[in-house]
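Below is a short note for a student who is meeting this structure for the first time. Please keep the sequence and the model open while reading the numbered points.

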Amino acid sequence: MSLLPRTFYVVGCDSCGTTYYVQNLEDDTEDELTLATSELPESWARCMTSEGWIATTRHLCPNCVKARGDSFIERLELERTHMPLFDLPVRRPAKGEGTDPS
């Protein structure tokens, strides 16, 4: 008998590391979602998004999704109410200005 190496992937949040747990229909327990390949099946992606996860090339749990959404809204509000710093004129010394010739 020979053993073949096999890689398993556990689905978790790329931001905080929270593991995605699936409801086990047989005994009302929760198991972490473990895949045999790095690709997330479409049916699991639908299930995850229905629970508030973002399931793309980077998986984000509902808490991280909310935090990123809040951060994005805050940034938009700041940009609407404040002048952006990068629009302020920047004075740069002319060529040769500010150098000591001696």
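**Notes on the model**

1. The side chains of Arg46 and Glu42 form a salt bridge, with 3.1 Å from N to O. A salt bridge here is a side-chain nitrogen of Lys or Arg within 4 Å of a carboxyl oxygen of Asp or Glu. Both residues belong to helix α1 and stand 4 residues apart, about one turn of the helix. Arg46 and Glu42 are both exposed. Buried means under 20% relative accessible area, exposed over 50%, and partly exposed in between (1.4 Å probe, protein chains only).

2. This is a predicted model, in which local features need pLDDT of at least 70 and side-chain atom pairs count only at pLDDT 80 or more, while totals for chains, interfaces and linings use all residues. Residues are numbered from 1 along each chain as its sequence is written, and side-chain values use heavy atoms, with hydrogens and water left out.

3. The protein chain has 2 helices and 6 strands, and from the N terminus on its elements run β-β-β-β-α-β-β-α. Helices (H or I, at least four residues) and strands (E, at least two) are DSSP runs, numbered from the N terminus. Of the 102 residues in the protein chain, 16% count as buried.

4. How many salt bridges does a search of the whole structure find? The search finds 3. One of them joins the side chains of Arg58 and Asp14, at 4.0 Å from N to O. This pair links distant parts of the chain, 44 residues apart: Arg58 is in the loop between β5 (54-55) and β6, and Asp14 is in the loop between β1 (9-10) and β2. Arg58 is partly exposed at 40% relative accessible area, and Asp14 is also partly exposed, at 40%.

5. Asp70 and Lys66 also meet in a salt bridge through their side chains (3.0 Å, N to O). Both lie in helix α2, 4 residues apart, about one turn of the helix. Asp70 counts as partly exposed because its relative accessibility is 41%, whereas Lys66 is exposed because its relative accessible area is 54%. Side chains of opposite charge can pair when their charged atoms come close.

6. Is His59 buried or exposed? His59 is buried, because its relative accessible area is 14%. His59 is placed in strand β6 (residues 59-60). Leaving aside neighbours within four places in sequence, His59 has contacts (heavy atoms within 4.5 Å) that include Val11, Asp14, Leu40 and Trp53.

7. Asp31 lies in strand β3 (residues 30-32) and is partly exposed, with a relative accessible area of 35%. Apart from neighbours within four places in sequence, Asp31 is in contact with Tyr20, Tyr21, Val22 and Asn24. The C-alpha atoms of Asp31 and Thr19 are 9.6 Å apart in space, and the two residues are 12 residues apart in sequence.

8. Glu39 is in the loop between β4 (34-35) and α1 (42-50). Glu39 counts as exposed because its relative accessibility is 63%.
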